[in-house]
Amino acid sequence: MRISDVKRAARFATDCVVGDICVLCQLPLTPYRWHDPLALNSHICPYCRTAVALNPNSCQHCARPLPDGQRICGRCITAPLVDMALAPVLHQHCGAYLVHQLKFHRGEREASALASFLLAAVHQRYPNTNALPDLLIPVPIAPWTQLRRGYNPSDWLARPLQQQLKVAVANDLLTRKSGPSQRSLTRQQRLRLATNTFTLKSKVAPRVLDLRHVAIIDDVLTTGATVAVLAGTLRRAGAARVDIWCATRA
Ligand SMILES: [Zn+2]
Ligand SMILES: [Zn+2]
């Protein structure tokens, strides 16, 4: 039995005794049941929600934090990363902790907490439900990582969004070529490595992405190299518009 399984069992036991607890302060959430404006069980108390550093003014195309009044960053003026980028939380302190828990400790509740920030950003940025994407595409992970981890963190982020927004999740369209961890690489190294990283599965029906509006779902947006390659793959497969919904921005 892995340590993460033991932690999950301990959490389950805590739930049975004291009810659901906040993912950040670990205090019971029972007093705040009424305080859930998005009708999503986000597992985070209203006090901790205000402690999370947000990314309110960011580049429309790559979500890089910008000074007030600026809407597009220098790089995106000539080469926009995607059509629209959302990354409502900064990847520091609480935001970085939630992503770490999601990625390395099977943080299912942390996924809901992060998805609740994304959901609020979606309601803010898309004028109505007709403007929403047709498909949510969680960034695929390499098969061996999926095997070792047992889940795809981006897929866990997409599920609560699918439930709330009623937009389909397509997590079986692409495969990702295995490669070394990107965490220690520069943007240039990532761009070089990322070439041909994603491929459409052969069993996928042709033209399934034709003229579709899709949103890539990911946990953290760092250099944008992975997103650029994935967006290119989706566009070549026919997608008309590609957005990125990322929980945090590094
Ligand atoms: Zn809390
Ligand atoms: Zn930008």
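**Figure 1. Salt bridge between Asp134 and Arg212 in the predicted model.** Asp134 and Arg212 form a salt bridge in which the closest N and O atoms are 3.7 Å apart. Asp134 is placed in the loop between H5 and strand E3 (135-138), and Arg212 in the loop between strand E6 (198-200) and strand E7 (213-221), so the pair ties together parts of the chain 78 residues apart in sequence. Asp134 is partly exposed, with a relative accessible area of 35%. Arg212 also counts as partly exposed, at 28% relative accessibility.

**Figure 2. Salt bridge between Arg109 and Asp20.** The closest N and O atoms of Arg109 and Asp20 are 2.4 Å apart. This pair links distant parts of the chain: Arg109 belongs to helix H5 (residues 108-125), while Asp20 sits in the loop between helix H1 (3-18) and H2, 89 residues apart. Arg109 counts as buried at 12% relative accessibility, and Asp20 counts as buried at 11%.

**Figure 3. Salt bridge between Asp243 and Arg241.** The closest N and O atoms of Asp243 and Arg241 are 3.0 Å apart. Asp243 counts as buried, with 0% relative accessibility, whereas Arg241 counts as partly exposed at 28%. A search of the whole structure finds seven salt bridges. Side chains of opposite charge can pair when their charged atoms come close.

**Figure 4. The zinc ion (ligand 1) and its protein donors.** The SG atoms of Cys22, Cys25, Cys45 and Cys48 are the protein donors, lying 2.3 Å from the zinc ion. Along the chain, these donors follow the spacing C-x2-C-x19-C-x2-C. The arrangement is tetrahedral because the four donor atoms subtend angles of 103 to 116° around the zinc ion, within the range of 85 to 135 degrees that tetrahedral requires. Cys22 is buried, with a relative accessible area of 1%, whereas Cys25 is partly exposed, with a relative accessible area of 31%.

**Figure 5. Tyr47 and Leu24.** Tyr47 is part of helix H2 (residues 46-51). With a relative accessible area of 59%, Tyr47 is exposed. Tyr47 and Leu24 are 23 residues apart along the chain, and their C-alpha atoms are separated by 9.8 Å.

**Figure 6. Cys246, a buried cysteine.** Cys246 has a relative accessible area of 0% and is therefore buried, the limit for this class being under 20%. A disulfide is a covalent bond between the sulfur atoms of two cysteines. The structure holds zero disulfides.

Definitions and conventions:
Residues numbered from 1 in each chain as written. Chains lettered and ligands numbered in written order. Predicted model: local features only at pLDDT ≥ 70, side-chain atom pairs only at ≥ 80, totals over all residues. Heavy atoms only, no water. Disulfide = S-S within 2.5 Å. Buried < 20%, exposed > 50% of the residue type's maximum accessible area, 1.4 Å probe, protein only. Donors = N, O, S within 2.8 Å, 3.2 Å for Na, K, Ca; no water. Tetrahedral: all angles 85-135°; square planar, octahedral: opposite > 155°, others 65-115°. Helix = DSSP H or I, 4+ residues; strand = E, 2+ residues; numbered from the N terminus. Salt bridge = Lys/Arg side-chain N within 4 Å of Asp/Glu carboxyl O.
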